[in-house]
Amino acid sequence: MSNIASNLKFLRKRKGLTQQQFADALEIKRASVGAYEEDRAEPKYELLRKIARFYELTMDELANDVIDEKWRPQPKSNASNLRVLSITVDGDERENIELVPVKASAGYLNGYGDPEYVADLPKFSLPMFNQGTYRAFEIKGDSMLPLPSGSVIIGEYVENWHDIKPGQTYVIVSKDDGVVYKRIAYKFKEEKGIKLVSDNKTYESYWVNTDDIIEIWKAKAFISTELPEPSPEPTMETLTSMMAQMQKTIKSVVDNK
């Protein structure tokens, strides 16, 4: 059960603010402050984030910790802190897979944590993804060829960014780039963030700063309406290249004996 009501009341009084002063600082109505403190309503995501910043807390601390005179904040790490993640469930209380279409990706940057926004996204389920938290993202562009533009990537939520594995693909949601699907070059670095690489080598790799990252989802599968084309007949050039590679491999085996 959320501790928002009692926490808000304690934090306001500890700061020496009246309900009206707190309301003025947050640019909300005083009646709303009373409703939140009396547990008659809960602030929506954007306001909750604003309040957390006002008190220099994480939203998880504000919502779930019992904040009183004995409470002490835990050391913070951008990579491993719990984050507020909005989900939806079906009639059997199983998590849905919400779909973020390309046309909704800009709005997702503002609404990703808003339960009402997430509830309005298209949703579906797949039997092979019934354990864990998944979300589907439609991608655009040719930076990840041979995966065609318009493919839908199904990703599993990554809570601790130190669990990211180099060489694998992820959906990264960031403030500057929005929703992108890329390969990770190195393990997550707290001071630098992550380096993203496109499978299409005509695109340059780049770093995303830790403070700009909103969410990371490990790619587990993709859905595409474009079926693969048959492999072209080998040309003399490709055959020559294959022969050269075979000779190189054979020489390496012989040299290592």
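Colleague: How do strands E6 and E7 pair, and over how many bridges?
Modeller: In this predicted model, strand E6 (residues 178-184) and strand E7 (residues 194-197) are antiparallel, with 2 bridges between them.

Colleague: Which residue stands opposite Ile184 there?
Modeller: Leu196 in E7.

Colleague: What sheet do they belong to, and what is the strand order?
Modeller: They sit in an open sheet of 9 strands with mixed pairing. The order is E2-E1-E3-E4-E9-E5-E6-E7-E8.

Colleague: Which ones are the edge strands?
Modeller: Strand E2 (123-124) and strand E8 (206-208), each of which pairs on one side only.

Colleague: What about E9, how does E4 pair with that strand?
Modeller: Strand E4 (residues 152-157) pairs with strand E9 (residues 213-223) in the antiparallel sense, over 6 bridges. Within that pairing, Ile153 is opposite Phe222 of E9.

Colleague: And how many bridges join E5 to E9?
Modeller: There are 5 bridges between strand E5 (residues 169-174) and E9, and these two also run antiparallel. Val173 has Glu215 of E9 opposite. In the sheet order, E9 comes between E4 and E5.

Colleague: Switching to Arg135. Where is that residue found?
Modeller: In strand E3, which spans residues 134-138.

Colleague: Buried or exposed?
Modeller: Buried: Arg135 has a relative accessible area of 0%, and the cut-off for buried is under 20%.

Colleague: What does the side chain of Arg135 make a polar contact with?
Modeller: One partner is the side chain of Glu98, at 3.1 Å. Another is a backbone atom: the oxygen of Ser86 lies 2.7 Å from a polar atom of the Arg135 side chain.

Colleague: OK, helices now. Which residues of H2 are buried?
Modeller: Helix H2 covers residues 19-26, and its buried residues are Gln19, Phe22, Ala23 and Leu26.

Colleague: Why are they on the same side of H2?
Modeller: Because they cover an arc of only 100° around the axis. As background, an α-helix has 3.6 residues a turn, so residues three or four places apart point the same way.

Colleague: What covers the buried residues of H2?
Modeller: The cover includes three helices: H1 (4-14), H3 (30-37) and H4 (45-54).

Colleague: Last one. Which residue takes a positive phi just after H2?
Modeller: Glu27, with a phi of about 60°.

Key:
Residues numbered from 1 in each chain as written. Predicted model: local features only at pLDDT ≥ 70, side-chain atom pairs only at ≥ 80, totals over all residues. Heavy atoms only, no water. Buried < 20%, exposed > 50% of the residue type's maximum accessible area, 1.4 Å probe, protein only. Helix = DSSP H or I, 4+ residues; strand = E, 2+ residues; numbered from the N terminus. Arc of directions from axis to C-beta. Contact = heavy atoms within 4.5 Å. Polar contact = N/O pair within 3.5 Å; in protein donor to acceptor, adjacent residues only side chain to side chain. Pairing = 2+ DSSP bridges.
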